Amino acid sequence: MIQTTLPAEAAAAATVVAEVADVWARSCPLCAERLPRSEHLRGVFAQDPYAEWAACLVTHYRHEHVGYYDRALHSAAYRAAMGPRTEDEFSYDAFKVQVNNRAKRQLIRGILAASMPLREKYALIGGFRKLKGNDGETSSLITVALSRRGMRP
Ligand SMILES: [Zn+2]
């Protein structure tokens, strides 16, 4: 006998796969560039495509939207020109966390202003909450952004 309808579980799984594929058909809400997918982030966020999308956006933003990040990492002269900071402040991890938090806030503000389906917009902002290294300012912004939709922070 040929089964004409999928069992409920298979249908639900097919819906999830279609939604994930749909998410990855999306791009950066700020510049519309299609994001390359990172195998590392894909593994880290295997169960959470919106957190993976948020993480890819942070990487994309750090390298494509703020030129000072790459320049500061690669040029001592550029670092000196940025003002009186210690070399420790430019240590890879500390600087990356600082730049990431700035990127996250810019991205969240951009996503709020972007023309996206509301469900996707707030699911994506919720994805930022799952990322590591959010500082107080970023966490507050996420909470405020999600509370606009009456979503639990
Ligand atoms: Zn972009």
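## A buried residue as a starting point

A residue is buried if 20 or more other C-beta atoms lie within 10 Å of its own. Asn100 is buried because 23 other C-beta atoms are found within 10 Å. The model discussed here is a predicted one, and Asn100 has its place in helix H6.

Leaving out residues up to four places away in sequence, Asn100 touches Val58, Arg62 and Gly133.

## Overall architecture and confidence

The chain contains eight helices and zero strands, so that its pattern, read along the sequence, is α-α-α-α-α-α-α-α. Of its 153 residues, 23% are buried. Among contacts in the chain with a separation of 6 or more, 59% join residues 24 or more positions apart.

The average pLDDT of the chain is 81, and 75% of the residues score at least 70. Confidence is highest in H8, with a mean of 95, and lowest in helix H1 (residues 8-24), with a mean of 63. Where pLDDT is low, the predicted coordinates should not be read in detail.

## The largest nonpolar core

In soluble globular proteins, nonpolar side chains tend to be buried together. In this chain, the largest nonpolar core has 23 residues, and the members that touch the most others are Ala54, Leu57, Val58 and Ile125. Two or more residues come from each of helix H3 (49-65), helix H6 (92-113), helix H7 (118-129) and helix H8 (136-147). The greatest contribution is that of H3, which supplies nine residues.

Ala54, for its part, is in contact with Leu124, Gly127, Phe128 and Leu131, neighbours within four places in sequence being left aside.

## The packing of H3 against H7

The axes of H3 and H7 approach to within 7 Å and cross at roughly 75°. Angles of 65 to 115 degrees count as roughly perpendicular, and H3 and H7 are therefore roughly perpendicular to each other.

On the H3 side, the residues that meet H7 are Tyr50, Ala51, Trp53 and Ala54. Their counterparts in H7 are Ala123, Leu124, Gly126, Gly127 and Phe128. By class, this contact comprises seven nonpolar residues, two polar residues and no charged residues.

## Partly exposed and exposed positions

Glu64 also lies in helix H3. Glu64 counts as partly exposed because it has 15 C-beta neighbours inside 10 Å. Glu64 and Cys31 are 33 residues apart in sequence, while the distance between them in space is 9.7 Å, C-alpha to C-alpha.

Leu73 belongs to helix H4 (residues 67-74) and, with 14 C-beta neighbours inside 10 Å, likewise counts as partly exposed. Between the C-alpha atoms of Leu73 and Phe95 the separation is 8.9 Å, and these residues are 22 residues apart along the chain.

Ala32 is found in the loop between H1 and helix H2 (39-44). Ala32 is exposed, since 9 other C-beta atoms lie within 10 Å. Although Ala32 is not a glycine, its phi is positive, at about 70°.

Key:
Residues numbered from 1 in each chain as written. Predicted model: local features only at pLDDT ≥ 70, side-chain atom pairs only at ≥ 80, totals over all residues. Core = buried A, V, L, I, M, F, W, Y, C linked by C-beta atoms within 7 Å. Buried ≥ 20, exposed ≤ 12 C-beta atoms within 10 Å, placed from the backbone. Helix = DSSP H or I, 4+ residues; strand = E, 2+ residues; numbered from the N terminus. Contact = placed C-beta atoms within 7 Å. Axes fitted to C-alpha atoms, helices over the stretch in contact; angles between N-to-C directions. Parallel < 35°, antiparallel > 145°, perpendicular 65-115°, else oblique. Nonpolar A, V, L, I, M, F, W, Y, C, P; charged D, E, K, R; others polar. pLDDT = per-residue confidence, 0-100.
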